[in-house]
Amino acid sequence: MISKYPLYINGQFIETPEKQNIINPSTGKVIAEASLASPAELESALSSARLAFDQGPWPQFSLAERKEFIFRIAQGILDNAELLASLEMQNTGKPIKETTFMDIPSSAKTFEFMANNFIGYLDNEELSVSSEARGRIIREPMGVVVLIIPWNYPLLIACWKLASALAAGNTVIVKPSSLTPLTVLELAKIIHKIGLPPAVVNVVNGSGSKIGQLLCEDKRVDMVSFTGSNEIGKQILQYSSKNVKKLTMELGGKSASLIFNDVDLDVAVNSSLTSIFLNQGQMCTAMSRIFVQEGIYERFLESFVQKAKRLKLGLADNHETQMGPLISDAQRKKVIAYIDKAKAEGGKVVCGGKIPENPELKNGYYFEPTVLVDVGVHSHIFKEEVFGPVVLIHKFSGSDEAAILANSVDFGLAACIWTKDLYLAQELAGKLNAGTVWINTYGMFYNELPYGGFKQSGFGKELGKEGFLEYVRFKSMIIDQSEEGKPLVNYWYGF
Ligand code: NAP
Ligand code: MG
């Protein structure tokens, strides 16, 4: 029997007549059926989230009570870790090792981190602004926040947003990608069980093109926190201009890894494989352009290709699998089209570039890890995000050229620098147009550190104090203190 996943609105699980099959991209099989929201369910989510913010208990709870709820969500995720890891694996096709050791524990950790820290981020500030007046900055929740989540880290990215939005006292409507709604809908069950008041968290499922505009335009929504592609991000900017709302935009990337002559070659190769092939390259921070200094370029390329060919593609539920399938057939077609275009523009495939022949994988959306060389800096694949297991390897001579190459695209999400010269690394990091720079490491996210891109990669932050404060509005209070209770403005007209 196929499991059914209802929507979660105003504290109730709602089955709708319109349903959608959820596919396991590793096998192509239907694994569940999720309800789809119609305009009636959206209306119900919008009105109940608004009411829960304006009149419900949640924003009025003491900070200690809120903290307790945030902790209980973290614990609920840990108590259900095995189920969530399996569900995320089935819905995204990510190897079970990744969902078990990365996605699920990290999701719980973000709630724990916010529970432990958010109270300190809400301290009001007292300022003496003049001899007659005292100023106070009050930190308040934004109100109703719509959270739009992509399919590459369905639970983790939802939890980054939820932990901050809830700790700050907002009510939310979560819209997961309609390809991958299962773990967020499962999280709704956890949230329901721990007794969060109704309509503080609502989850609506449906394709973005059908339900996104309604959510992002509505006057009752104060903020939209979006993670996804640059193309959809631009549409959301338009929708939200109708009624003017606060936005955060975590968009795509075309990140560069800069590898200098003095590195330990094995470490640099192994880490670089992870930086592009983890999650089949479907990472916003994928290092899809690797620049190697000329002294080690040939040796790096040879070792990288040799090891890329040995990566174990397999079914997602196998603990030995190193690479799973892409999310969908459409995503695989997009990847293939990019490779064809790159070849037409002079690029050369030196590894992969095709669908694997292994019959065990034939029903999934698998694609071989792919390495391209001789790609011109003006070609499409050099500048545009592929979002798949495809990397360009390029040569550079010195650090000035490395910085120019890294910065030569419109995106500015992340970068890596590999060298033993930490002085050079930090100086170079200062020149890079990237919101995150990893030095001699890759992909480590810390709840303490804000994460977010520059340029076309968007604006606003996730995580850290800065990410939390995105979900807070600042109110200035001015309290007159002049003697005899007569403020200065009293004298302006002087009656
Ligand atoms: P996407 O196509 O932009 O979709 C993202 C989300 O927006 C999904 O929930 C999608 O719903 C929804 N959506 C689609 N059309 C919409 C519309 N007209 N109005 C409102 N919402 C709409 O991105 P994706 O394909 O899921 O994910 C891949 C992209 O996300 C890549 O570009 C990647 O770089 C980016 N990403 C960025 C970060 C970061 O932190 N910077 C992290 C992860 C991913 P449906 O899927 O149901 O249509
Ligand atoms: Mg999409």
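Q: Which residues come nearest to ligand 1?
A: In this predicted model, 31 residues stand around ligand 1, where a residue counts as near if one of its heavy atoms lies within 4 Å. Of these residues, the ones that come nearest are Ile149, Ser178, Ser229, Leu251 and Glu385.

Q: A polar side-chain atom of which residue lies 2.6 Å from an oxygen atom of ligand 1?
A: Residues are numbered from 1 along each chain as its sequence is written, while chains are lettered from A and ligands numbered from 1 in the order in which they are written. Local features need pLDDT of at least 70, side-chain atom pairs count only at pLDDT 80 or more, and totals for chains, interfaces and linings use all residues, with side-chain values using heavy atoms and leaving out hydrogens and water. A polar contact is a pair of N or O atoms within 3.5 Å; a polar backbone atom of Ile149 is 2.7 Å from an oxygen atom of ligand 1, and a polar side-chain atom of Ser177 lies 2.8 Å from one. The residue whose polar side-chain atom lies 2.6 Å from an oxygen atom of ligand 1 is Ser178.

Q: What share of the area that ligand 1 exposes when taken alone does the protein bury?
A: Taken alone, ligand 1 exposes 890 Å², an accessible area from the Shrake-Rupley method with a 1.4 Å probe. Of that area, the protein buries 91%.

Q: Which element gives the most residues to the shell around ligand 1?
A: Two or more residues of the shell come from each of helix H7 (208–217), strand E11 (223–227) and helix H8 (230–241), where helices (at least four residues) and strands (at least two) are DSSP runs numbered from the N terminus. The element that gives the most, with four residues, is H8.

Q: How many residues lie between E6 and E7 in the hairpin they form?
A: E6 and E7 run antiparallel and are joined by four bridges, with Ser128 standing opposite Arg134 in E7. Strand E7 (residues 133–141) also pairs with E23 in the antiparallel sense over nine bridges, and Pro141 stands opposite Val472 in E23. In the hairpin of E6 and E7, the residues between the strands number four.

Q: Which residue of E5 does Lys4 stand opposite?
A: Another open sheet of three strands has the order E1-E5-E4 and mixed pairing, with E1 (3–5) and E4 (19–23) as edge strands that each pair on one side only. E1 and strand E5 (residues 30–35) run parallel and are joined by three bridges. Within E5, the residue that Lys4 stands opposite is Glu33.

Conventions:
Pairing = 2+ DSSP bridges. Polar contact = N/O pair within 3.5 Å; in protein donor to acceptor, adjacent residues only side chain to side chain.
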